[in-house]
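Trainee: Could you walk me through how the pieces of this one pack together?

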Amino acid sequence: METFTYRGKTLEFRSITGTVLDTSTRSETHISGGGGGGYIGPNGGHIDNISIRSHNTTLQEFWIKTEDGMEKSVNISGTSIPLRANQRITLISAEQKGRNEGWYASVINHNANQFSFICDGASLNNLMKLEVFPKHFLLIGFALWAGLAIAFHDGWLAIFFATIVMGIFAINKKARIKRLISSLNAHIEKISQPFLQRS
């Protein structure tokens, strides 16, 4: 299948076609929180507020029987694909060249003549780190400010220039990420289309 190359990184795509044997979907709730600390003394005290957060994750598992007769389990999270037993589907996976890990990008349901993203361009970019903000963006900004402050002997002037430089960097980076996501989505749809036409 046609590869996707971005700034020296190549994504390879593979397909597998089979018949759905069984499918199940479940939801997992993840709870996190903090706070509740404080102290109580002879003259009073205080207790901090407790913050509780929760989010649900959709998990789907289905089994397919491939065209060569093998049975394969497929697990996806974060989305639910409408499938039922005996439907014929094609899964397209993406893998960065040179790395031994990949993710399902899309599924074509031949019986329903339907295309669905499993991992869209934004998700693949986050997983493969093709174009993301530097992990230590604020630290880089601070280092730039410190260097300019030493060079200019003026902390306020350094803040002004560092803010401009980092602002331009952030705007350009966001624009590149947006273009990459759009291109990736278009590529996934393009390589999926021939399979959809076979439905």
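Trainee: Which residues does Leu184 touch, leaving out those up to four places away in sequence?

Mentor: Keep in mind that this is a predicted model. Once residues up to four places away in sequence are set aside, the contacts of Leu184 are Phe4, Leu11, Gly121, Leu124, Asn125 and Leu130.

Trainee: And which element gives the largest share of the largest nonpolar core?

Mentor: That core has 18 residues, and Leu184 is among those touching the most other members, along with Phe4, Leu11, Phe13, Leu124 and Leu130. Elements giving two or more residues to the core are β1, β2, β7, β8, α1 and α3. The largest share is six residues, and they come from α3.

Trainee: How many residues are in the second, separate core?

Mentor: Look around Val20, Ile64, Val74 and Val107, which are included in that second core. It's separate, and its residue count is twelve.

Trainee: Are α2 and α3 parallel, antiparallel, perpendicular or oblique to each other?

Mentor: α2 covers residues 137–152 and α3 covers 155–197, with their axes 8 Å apart. They pack at an angle of about 140°, and roughly antiparallel would take over 145. The pair therefore counts as oblique.

Trainee: How many charged residues does the contact of α2 with α3 have?

Mentor: The crossing itself is right-handed. On the α2 side the contact includes Phe137, Ile140, Leu144 and Trp145, and on the α3 side Phe161, Val165, Met166 and Phe169 are among the residues involved. By class, this contact has 16 nonpolar residues and two polar ones, and the number of charged residues is none.

Methods:
Residues are numbered from 1 along each chain as its sequence is written. This is a predicted model: local features need pLDDT of at least 70, side-chain atom pairs count only at pLDDT 80 or more; totals for chains, interfaces and linings use all residues. Side-chain values use heavy atoms; hydrogens and water are left out. Axes are lines fitted to C-alpha atoms, for helices over the stretch in contact, and angles run from 0 to 180 degrees between N-to-C directions. Helices (H or I, at least four residues) and strands (E, at least two) are DSSP runs, numbered from the N terminus. Angles under 35 degrees count as roughly parallel, over 145 as roughly antiparallel, 65 to 115 as roughly perpendicular and the rest as oblique. A crossing is left-handed if the near helix is turned anticlockwise from the far one by less than a right angle, and right-handed if clockwise. Contact means heavy atoms within 4.5 Å. Ala, Val, Leu, Ile, Met, Phe, Trp, Tyr, Cys and Pro count as nonpolar, Asp, Glu, Lys and Arg as charged, and the others, Gly among them, as polar. A nonpolar core is a set of buried Ala, Val, Leu, Ile, Met, Phe, Trp, Tyr and Cys residues joined through side-chain atoms within 4.5 Å. Buried means under 20% relative accessible area, exposed over 50%, partly exposed in between (1.4 Å probe, protein chains only).
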